[in-house]
Structures are given as structure tokens and as C-alpha cells.
Amino acid sequence: MNCEACHLKELEVEHFEIREVLRCIFHTILFHRALGLVRPKDIDLELFDITYVQCGDVEVEKKIDEKIDQFIDKVEKHPNKKNQICLSFYEVKNKQATWFTNKVERLYWEQWFVNLNVVLHPKTQFGRSHHAKLVVDPGESASEERVARRAALESSLREVLFQIIKFVNEKKDHVPPIPNLEGISFPYEITISSRRCLDVEPIIITKMVLWLRTMW
């Protein structure tokens, strides 16, 4: 089966922006790949002047939030790393049953790769002036630099949303027939991986191939 892949533009975010950004992206993708009738729900982002649409399904919202929690937990354990989170749509095929197992195979037909570069904002230092203030709330007393960075992220997030819409409108031939399943979405999964691991893996495989050649 032909599996189409969409690598979305990398976004540079701070820790407190992760949840809203990922919710916006994943719900937008699932809304455009929804099956049948849905109950659209407009969501206004708190951090950005952007509105996106959810399918209005409680189970979808719960699953997305659980994966985002896992992603945030990984970021906290491994800071200063570029991370990738992938949403994959698949079909379920039952393989030929044996005496011991009834194997089920997942045939992936579309994958969305979301790349986030999570940066740590340096702590505010107290200066000699008595007017110096420790910034606790990211939205309080923001410097011009942070305002510009937030505007740039908002612009990039809009680009990602347009990238999603463009992809779903242009890529249709690979979409399988609507399955006879309950729910508003094709079967899907969300997986988390480190960009560093993905970059190193091809090198390891190449070295193994070269080693095998020398053995022969």
C-alpha cells in the first residue's frame, strides 16, 4: 500500500507553548480526515490569534491529550533536544490464523511528522537597579525579543495549518475506502521519538552493511 508522508515545518517553541501547538495541529489533521458527520467545535488559542476546529469527540480529545502529556514528560527528562511526534493512519488486516495466534497487521497509509525544537528561555537576572523584576508569567512584562519570537511562532503555526490543508486537498488517491468501524476517525496512532535517534539510525545501518560486506 502507498503510504504518504507529510513532514510539517519545524516549530521552535517554549515549554508552556507545547500543549496548545500540538492540540492545534493534531485536531486540525483529524478534522480533515474525519469520517461522516461530525460536530465541529471552534477553539480559540489562548497564546495565539488562531482559531482551529475540533471534531467534537471526547475520546479523540482524551487520546490526544494523553499523548501530549507523554511528549511533555519526555521533553522535561531530555531538555534541549529536537523531538518528533508522529500521527499515523492505518488499516487493520487480519493475517492468516495459525494454531497459536490470530495475527493482526497494520497497513499504514498516511503519516504526519511534527517536529518541535523546544527551547529553554533563560531565567531573568536581577540587575543592580531596584526596578529589576523577576518574570514569573511568560505573558507578563514580555521583552520586545519575546514578543517578536511569539509573533514568528504564530506565523509559522499558520504556515503549518495551511500546509495541512494543502496536503489533504492534493493527496487523496491513497486514502482507503471508509471502514465499517465505529468512531469519527480512521484508525490512528500517535508515536513519539527523538530526532537525534532518527538521524543516527541510517548511519548505524550503513556501518552494519559495510561490516557484513567485509565478512563476505
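Reader: What makes K63 count as lying over the face of Y188?

Author: This is a predicted model. In it, K63 is 4.0 Å from the ring centre of Y188. The distance cut-off is 6 Å, and the charge must also be within 35 degrees of the ring normal. K63 lies over the face of Y188.

Reader: Which aromatic cluster includes Y188?

Author: Y188 forms one cluster with F89, W109 and F186. A search of the whole structure finds 5 aromatic pairs.

Reader: Why is the pair of F89 and W109 called stacked?

Author: The ring centres of F89 and W109 are 5.3 Å apart, and the planes are at 25°. Pairing needs centres within 6.5 Å, and stacking needs planes under 30 degrees apart. F89 lies in strand 5 and W109 in strand 6, so the pair ties together parts 20 residues apart in sequence. Both residues, F89 and W109, are buried.

Reader: What makes the pair of W112 and F167 edge-to-face?

Author: The planes of W112 and F167 are at 65°, with ring centres 4.8 Å apart. Over 60 counts as edge-to-face, so that is the name for this pair. W112 is in strand 6 and F167 in helix 3, 55 residues apart. Both W112 and F167 are buried.

Reader: Why is helix 1 called roughly parallel to helix 3?

Author: The axes of helix 1 and helix 3 cross at roughly 15°. Angles under 35 degrees count as roughly parallel, so helix 1 is roughly parallel to helix 3. The axes of these two helices come within 10 Å. The crossing is right-handed.

Notes
Residues are numbered from 1 along each chain as its sequence is written. This is a predicted model: local features need pLDDT of at least 70, side-chain atom pairs count only at pLDDT 80 or more; totals for chains, interfaces and linings use all residues. Side-chain values use heavy atoms; hydrogens and water are left out. Rings of Phe, Tyr and Trp (its six-membered ring) pair if their centres lie within 6.5 Å; planes under 30 degrees apart count as stacked, over 60 as edge-to-face and the rest as tilted. Helices (H or I, at least four residues) and strands (E, at least two) are DSSP runs, numbered from the N terminus. Buried means under 20% relative accessible area, exposed over 50%, partly exposed in between (1.4 Å probe, protein chains only). Axes are lines fitted to C-alpha atoms, for helices over the stretch in contact, and angles run from 0 to 180 degrees between N-to-C directions. Angles under 35 degrees count as roughly parallel, over 145 as roughly antiparallel, 65 to 115 as roughly perpendicular and the rest as oblique. A crossing is left-handed if the near helix is turned anticlockwise from the far one by less than a right angle, and right-handed if clockwise.
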